[in-house]
Amino acid sequence: MKIAIVFVAIVALALAAPVEEKDAQVVRYDSDVAADGYSFQYETSNGIKHQEKSELKKFDEEVSALVVRGSFSFVGADGVTYTVNYVADENGFQPEAAHLPKA
């Protein structure tokens, strides 16, 4: 019985161990590209997630550009998951996150 408990404990520790960055694998990936924008999302085995979507915005008769919205998250060295939401448009790149300083 003691051997079984030790074995289960060792297996649990191995499964709970964080994945090394260099050993991370993509576990999910979706992508869609169209003439007026794109979207994608992916997730890796080390806890990184990223999703992004764009749409074509017409500013006037001659000027159009993609407006991008998205978010990404990762697990920091402290074990906390950090998430950044962002917009990239005619006003530039605008990230928002609880851990980023506010202007």
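Is tyrosine 86, at 7% relative accessibility, buried or exposed? Tyrosine 86 counts as buried, because its relative accessibility is 7%, where buried means under 20% relative accessible area, exposed over 50% and partly exposed in between, with a 1.4 Å probe and protein chains only.

Before selecting anything else, note that this is a predicted model, in which local features need pLDDT of at least 70 and side-chain atom pairs count only at pLDDT 80 or more, while totals for chains, interfaces and linings use all residues. Residues are numbered from 1 along each chain as its sequence is written, and side-chain values use heavy atoms, with hydrogens and water left out.

**Colour by confidence**

Colour the protein by pLDDT, the predictor's confidence in each residue from 0 to 100; the average is 86, and 82% of the residues score at least 70. Confidence is lowest in helix 1 (residues 2-16), with a mean of 49, and highest in strand 2 (residues 37-44), at 97. Where pLDDT is low, the predicted coordinates should not be read in detail. Helices (H or I, at least four residues) and strands (E, at least two) are DSSP runs, numbered from the N terminus.

Next, show the open sheet of 6 strands, whose order is 1-2-3-4-5-6 with antiparallel pairing; two strands pair if DSSP finds at least two bridges between them. At the edges lie strand 1 (26-34) and strand 6 (92-96), each of which pairs on one side only. From one strand to the next, the twist averages 10 degrees, with axes taken as lines fitted to C-alpha atoms (for helices over the stretch in contact) and angles running from 0 to 180 degrees between N-to-C directions.

**Follow the two hairpins**

Now select strand 3 (residues 49-58) and strand 4 (residues 64-75), which run antiparallel and are joined by 10 bridges, with a hairpin of 5 residues leading from strand 3 to strand 4. Within this pairing, lysine 57 has alanine 65 in strand 4 as its bridge partner.

Moving on, strand 4 and strand 5 also run antiparallel, with 8 bridges between them, and serine 73 stands opposite threonine 83 in strand 5. These two strands form a hairpin with 5 residues between them, and glycine 79 in the turn has a positive phi of about 85 degrees.

**Show the aromatic rings**

Finally, display the rings of Phe, Tyr and Trp (its six-membered ring), which pair if their centres lie within 6.5 Å, planes under 30 degrees apart counting as stacked, over 60 as edge-to-face and the rest as tilted. The count comes to 5 aromatic pairs. One of them, tyrosine 38 with phenylalanine 40, is stacked, at 6.3 Å centre to centre and 5 degrees between the planes. Phenylalanine 72 and tyrosine 86 form a tilted pair, at 6.2 Å centre to centre and 45 degrees between the planes. That pair links distant parts of the chain, with phenylalanine 72 in strand 4 and tyrosine 86 in strand 5 (residues 81-89), 14 residues apart. Phenylalanine 72 counts as partly exposed because its relative accessibility is 29%.
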